[in-house]
Amino acid sequence: MSIKKILLLVVVVAALIIGVLQIRKTYFYNADKTVGQAIDSLNGVVVYYNGGVGHIGKRNLTVDDYNLGLEYQCVEFVKRYYYERFQHKMPDSYGNAKDFFDNTLADGIVNKKRDLLQFTNPSSSKPQAEDLLIYSPTIWNRFGHVAIIAEVSTDSIKIVQQNPGPNGASREKYALKQFDGKWQIDNSRIYGWLRLKPMKEEIADAL
């Protein structure tokens, strides 16, 4: 067999393996869990199991009709978290995960659709616990992903997420690097992070 044919065979096999793994992540379910099952929590806000990442439940609305998103997608968790923890409502309550990040904004500028400060990855501002992380789409997931930062240390962060796939973990850890006065989360998919604007009292204290 020629080298060209061998290389082609390797590419085909690799593509099949990746495809099978992605199908398993997207569509297969974990027999040990059921959709809607509580599997984790952060500061009292529950993370629910969603099965395959493409599974969509009913729209979750608050008592005052604020749209939290579709159960139990990643967006539904982060918006429910910010609503329950901070009573925060995004001016634009719709959009996919990738739409949470406005790539036309400079680092540290207010994202008006989300009413949150937006930081790019890397940023001059170090990530903080309870910041919202936004991930880029992939060829397998054109909607992107969002998560909440649970912990921050000098060299790593830990995140909590909903809907990572039927066998995915609700918590992950990424390296955090500092260089040239900037902080970078070591994950090429992360666009950046969003943060609550400081209260007027905090701004006054800083002046």
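Which side chain makes a polar contact with the side chain of D40 at 2.7 Å? The partner is the side chain of S170. A polar contact here is a pair of N or O atoms within 3.5 Å; within protein, one must be able to donate a hydrogen and the other to accept it, and residues adjacent in sequence count only if both atoms are side-chain atoms.

Before going on, a word on the model: it is predicted, so local features need pLDDT of at least 70 and side-chain atom pairs count only at pLDDT 80 or more, while totals for chains, interfaces and linings use all residues. Residues are numbered from 1 along each chain as its sequence is written, and side-chain values use heavy atoms, with hydrogens and water left out.

**Around D40**

D40 sits in strand β1, residues 38-42. Helices (H or I, at least four residues) and strands (E, at least two) are DSSP runs, numbered from the N terminus. The side chain of D40 also makes a polar contact with the side chain of R171, at 2.8 Å. Leaving aside residues up to four places away in sequence, D40 touches V45, V46, V47, S170 and R171, where contact means heavy atoms within 4.5 Å. D40 has a relative accessible area of 18%, so it is buried; buried means under 20% relative accessible area, exposed over 50%, and partly exposed in between, with a 1.4 Å probe and protein chains only.

Strand β1 runs antiparallel to β2, and 4 bridges join them. Two strands pair if DSSP finds at least two bridges between them. A38 stands opposite Y48 in β2. The two strands form a hairpin with 2 residues between them, and N43 in the turn has a positive phi of about 50 degrees. In a regular strand the side chains alternate between the two faces of the sheet. In β2 (residues 45-48), V45 and V47 make up the covered face, while V46 and Y48 make up the uncovered one.

**The open sheet**

Elsewhere, 8 strands form an open sheet with antiparallel pairing, in the order β5-β6-β12-β7-β8-β9-β10-β11. At the edges stand β5 (109-111) and β11 (182-185); each has a single partner strand, so one side of each is left without a neighbour in the sheet. From one strand to the next, the twist averages 40 degrees. Within this sheet, β8 (residues 145-152) and β9 run antiparallel and are joined by 4 bridges, with E151 opposite K158 in β9. Helix α2 lies across β6, β7, β8, β9 and β12 (190-195), running at about 50 degrees to β8. Axes are lines fitted to C-alpha atoms, for helices over the stretch in contact, and angles run from 0 to 180 degrees between N-to-C directions.

Most residues other than glycine have a negative phi, and most peptide bonds are trans. Here are some exceptions.

| Site | Feature | Angle |
|---|---|---|
| E71 and Y72 | cis peptide bond | omega about -15 degrees |
| N121 and P122 | cis peptide bond | omega about 10 degrees |
| D65 | positive phi | about 65 degrees |
| E130 | positive phi | near 80 degrees |

Y72 lies in the loop between β4 (67-70) and α2 (74-86), and D65 in the loop between β3 (59-61) and β4. P122 belongs to the loop between β6 (116-120) and β7 (132-135), and E130 is also found between β6 and β7. D65 is exposed, at 61% relative accessibility, whereas E130 is buried at 18%.
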